[in-house]
Amino acid sequence: MLPPQQIPSTQLQHPLLDQLKVEMEVMRLDQVHPTVSGNKYFKLKYNLAEALKQNHKQVLTFGGAYSNHIHATAAAANLEGLQSIGIIRGELLDSLNPTLRYAKEAGMILKGISRELYRNKIQPEFLDQLRQELGEYYLIPEGGTNALAIQGTSEILSSNQSNFSHLATSIGTGGTFSGLANSLLPQQELLGISALKGEAIPEEMKQLLHAHSIQSKGSLSLMTQYHHGGYAKWTAELIEFIHWFWESFGIPLDPIYTGKMAFACWDLLQKKYFKPGSRVLLIHTGGLQGNLGFTQRTGILLPSPLG
Ligand SMILES: *Cc1c(COP(=O)(O)O)cnc(C)c1O
């Protein structure tokens, strides 16, 4: 893969920020790579290097039909000369689905399986069965989180971000949150905004950090009240916010992850969560490819850099 460019960031200009003496900036991981977008670039980087090192010809992973992870894995494997296989939740693969269409064009072999079978995605017997059917492969788990993914997401922050008091990220499986927690500085606070509904998420994050021996030097805050109904669910308020954010700052967001993260940060700003003098970095983890499919299945228009 191409090495990441100097990651661009956009400073937000708004009277409320001036009034509360808070600075906000958006780190544009959505622009980190032309085809492997967002946090997925970092999560895949060492996994694909490992697959090549182990002389694998194929990588196999799991995902939903609109998954950013499927899209990014197809693109990244293609660039590395690896065959990719996507096991997709749901038997019937819609040929008009833009995510799957892209994945297929990038050379991914797509295999739709029933929701029941899909639940076996971590069972060794099922993974062996797939090996017999499709040949030997390097496994990347659903959502892409494993030790090598966290090694990658630990590289998102560098000394360029040492002046921020707060960093905010969306949480799906928590691989990105873990990597950021790993590279946090003592004076920094990491806000993890869950895209999923569930009060157990703070405990799950604690266990994930423990499993990967991560003891953050900074402080970690988990926000579980900004899911807007649950994973891939949305509210009119969220969609309205995404449009407002685009009109105000020229930054496109997605409704699954980054919209909820930015919504949370703006809500916290209004509630004076950030003390005067705070410098807040919103990490835009990408996901914009999903906007096309979202509009296709809901009829709701979203801002898009592609127009
Ligand atoms: C996958 C994804 C996430 C969640 O990342 P995790 O490491 O699974 O927590 C967040 N934002 C976007 C845009 C994603 O595609």
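Colleague: Is Lys-53 exposed or buried?

Modeller: Lys-53 counts as exposed, at 65% relative accessibility. Exposed means over 50% relative accessible area, buried under 20%, and partly exposed in between (1.4 Å probe, protein chains only).

Colleague: And what can I rely on here?

Modeller: This is a predicted model, where local features need pLDDT of at least 70 and side-chain atom pairs count only at pLDDT 80 or more, while totals for chains, interfaces and linings use all residues. Residues are numbered from 1 along each chain as its sequence is written, and side-chain values use heavy atoms, with hydrogens and water left out.

Colleague: Which residue forms a salt bridge with Lys-53?

Modeller: Glu-50, with the closest N and O atoms 3.8 Å apart. A salt bridge here is a side-chain nitrogen of Lys or Arg within 4 Å of a carboxyl oxygen of Asp or Glu. Both residues sit in helix α2 (residues 39-53), three residues apart, about one turn of the helix. Helices (H or I, at least four residues) and strands (E, at least two) are DSSP runs, numbered from the N terminus.

Colleague: How many salt bridges does the count come to?

Modeller: Eleven. One of them pairs Arg-279 with Glu-25, at 3.7 Å between the closest N and O atoms. That pair links distant parts of the chain, with Arg-279 in strand β10 (residues 279-284) and Glu-25 in strand β2 (residues 23-28), 254 residues apart.

Colleague: Where do those two stand on burial?

Modeller: Glu-25 is buried, at 13% relative accessible area, and Arg-279 is partly exposed, at 21%. Glu-23 is linked with Glu-25 and Arg-279 in a network of salt bridges.

Colleague: Changing topic. What domains does the assignment give?

Modeller: Domain 1 (9-34 + 147-298) and domain 2 (39-144); the bounds come from an automatic or database domain assignment. Their C-alpha centres lie 26 Å apart. The contact (heavy atoms within 4.5 Å) takes 22 residues from domain 1 and 21 residues from domain 2.

Colleague: How much area do domain 1 and domain 2 bury between them?

Modeller: About 1800 Å², 59% of it on carbon and sulfur atoms. Buried area is the accessible area (1.4 Å probe) that two parts lose on being put together, summed over both.

Colleague: How many salt bridges are counted between domain 1 and domain 2?

Modeller: One. The side chains of Lys-45 and Glu-155 meet in a salt bridge at 2.5 Å, N to O.

Colleague: Which helix gives the largest share of the domain 1 side that touches domain 2?

Modeller: α12, with six residues.
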